[in-house]
Structure formats: C-alpha cells, structure tokens
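Morning, everyone. Please look at the next slide, and keep the structure in view while I talk.

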Amino acid sequence: MKQPAPQVLLLDIETSPLITATYELFDTTIPYKWVLQEWFIICAAFKWEGGNKINTVSVLDDPRGWVKGQYNDYCVVKSLHNAISEADVLVGHNMAAFDWKKFMARAIYHKLKPLNPPKIIDTLKEARKFKFTSNKLDSLCKHLGLERKIEHSSDMWLKILRGDDSAVRE
C-alpha cells in the first residue's frame, strides 16, 4: 500500500520587537521588569507545497481582538496552529531557531492545545552546510536564480510601531 505524501507547509512569521527601557545602548543586561511591551506575532504567510494559494494572517484581521489591545496576536497564532496541526513537515528560513520557537511560545501563552512537532526543514541551517557568500534568504535566492525576497526598509517595524502608515506602502 502506497504511503500518502507528507503535508509540507512553507511558513514565515514576522514578530514585533520587544520594547524595553534602558539607560545604555551597550554592555547592559535589561531586567524583565523594564520590559514595556512583550513581542508578539504581527503576521505570517504560509503555503502548502504543490498549492498555488499563499495564505496570510495578521493582527489587523481581527478588529475585535483590538479591544483586548493592539498587540493581541490570538487570531494569528490560532490560524497558524490550525495550519501547523495538519502539517507533517514545516519549511522555512531560520525555522528551527526562530519561527517554530516563537510560534510555540505564543501558542503556550494563548493556552492552545499542544501540537505534535512536525519535521522541520530549516533552509538557513541547510545553507550553512555549504560555503555560500551569504546565507541571507534574499542573497541565496539571487545567487540560485530564484524569486527574490520582497524588499522593505530595515526600520519598517519601527515605523509601524510609531503609527507611520508609510511603512505599509513600502
């Protein structure tokens, strides 16, 4: 009997920065009590291997969630939880060290049902096995002749947090 093909989910999440109070910009350890705003998952994009549709979810998708605070990422985390629960394999750049751990931290925070961990294929970890000039996703895509990462300014999230909607148009 032929085994069904594994369900492979391509995933990327974007998180907010942690906002803290500090007296210095160097050589400092910031006590937790100085955390002014915890990080949260702003948005995510995912696609099933072989499918054409790119799914997106954002904190902006749930206006009712804003009643609880503009940093309420429950709808994002719940949507990801539903998709990941159907996946046998997760694929992403820095998936093992970042996306998976950040997602799981928020799933625990929101008291969502534990998931059986899928197999993770981390494209950053795989790229590091070789000697590319750069292991950044956009650099790898350019070098390998693949579709490029969408450009955005490095301070886009700061603009968003400050309420500058020009960041959304970048």
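Which residue stands opposite Thr15 in β4? Ile41 does.

Some ground rules. Residues are numbered from 1 along each chain as its sequence is written, and side-chain values use heavy atoms, with hydrogens and water left out. This is a predicted model, where local features need pLDDT of at least 70, side-chain atom pairs count only at pLDDT 80 or more, and totals for chains, interfaces and linings use all residues.

Now the strands. Helices (H or I, at least four residues) and strands (E, at least two) are DSSP runs, numbered from the N terminus. Two strands pair if DSSP finds at least two bridges between them.

Start with β1, residues 8-15. β1 pairs with β4, residues 41-48, in the antiparallel sense. That pairing has seven bridges. Leu9 stands opposite Trp48 in β4.

β1 also pairs with β6, residues 89-92. This time the sense is parallel, over three bridges. Here the bridge partner of Leu10 is Val91.

On to β5, residues 55-58. β4 and β5 pair in the antiparallel sense, with four bridges. Ala45 stands opposite Thr56. Six residues lie between the strands of this hairpin, and Gly50 takes a positive phi near 90° there.

Next, the core. A nonpolar core is a set of buried Ala, Val, Leu, Ile, Met, Phe, Trp, Tyr and Cys residues joined through side-chain atoms within 4.5 Å. Buried means under 20% relative accessible area, with a 1.4 Å probe and protein chains only. The largest nonpolar core has 25 residues. Leu11, Leu80, Ile84, Leu90 and Phe103 touch the most other members. β1, β4, α1 (74-85) and α2 each supply at least two residues. Which element gives the most? α1 does, with six.

Take Leu11. Contact means heavy atoms within 4.5 Å. Beyond its neighbours within four places in sequence, Leu11 is in contact with residues including Phe46, Leu80, Ile84, Leu90 and Met95.

Last stop: His93. Where is it found? His93 is in the loop between β6 and α2 (95-109). A polar contact is a pair of N or O atoms within 3.5 Å; within protein, one must be able to donate a hydrogen and the other to accept it, and residues adjacent in sequence count only if both atoms are side-chain atoms. The side chains of His93 and Thr123 make one at 2.7 Å. The side chain of His93 also reaches the backbone oxygen of Asn135, at 2.9 Å.

How values were computed
Buried means under 20% relative accessible area, exposed over 50%, partly exposed in between (1.4 Å probe, protein chains only).
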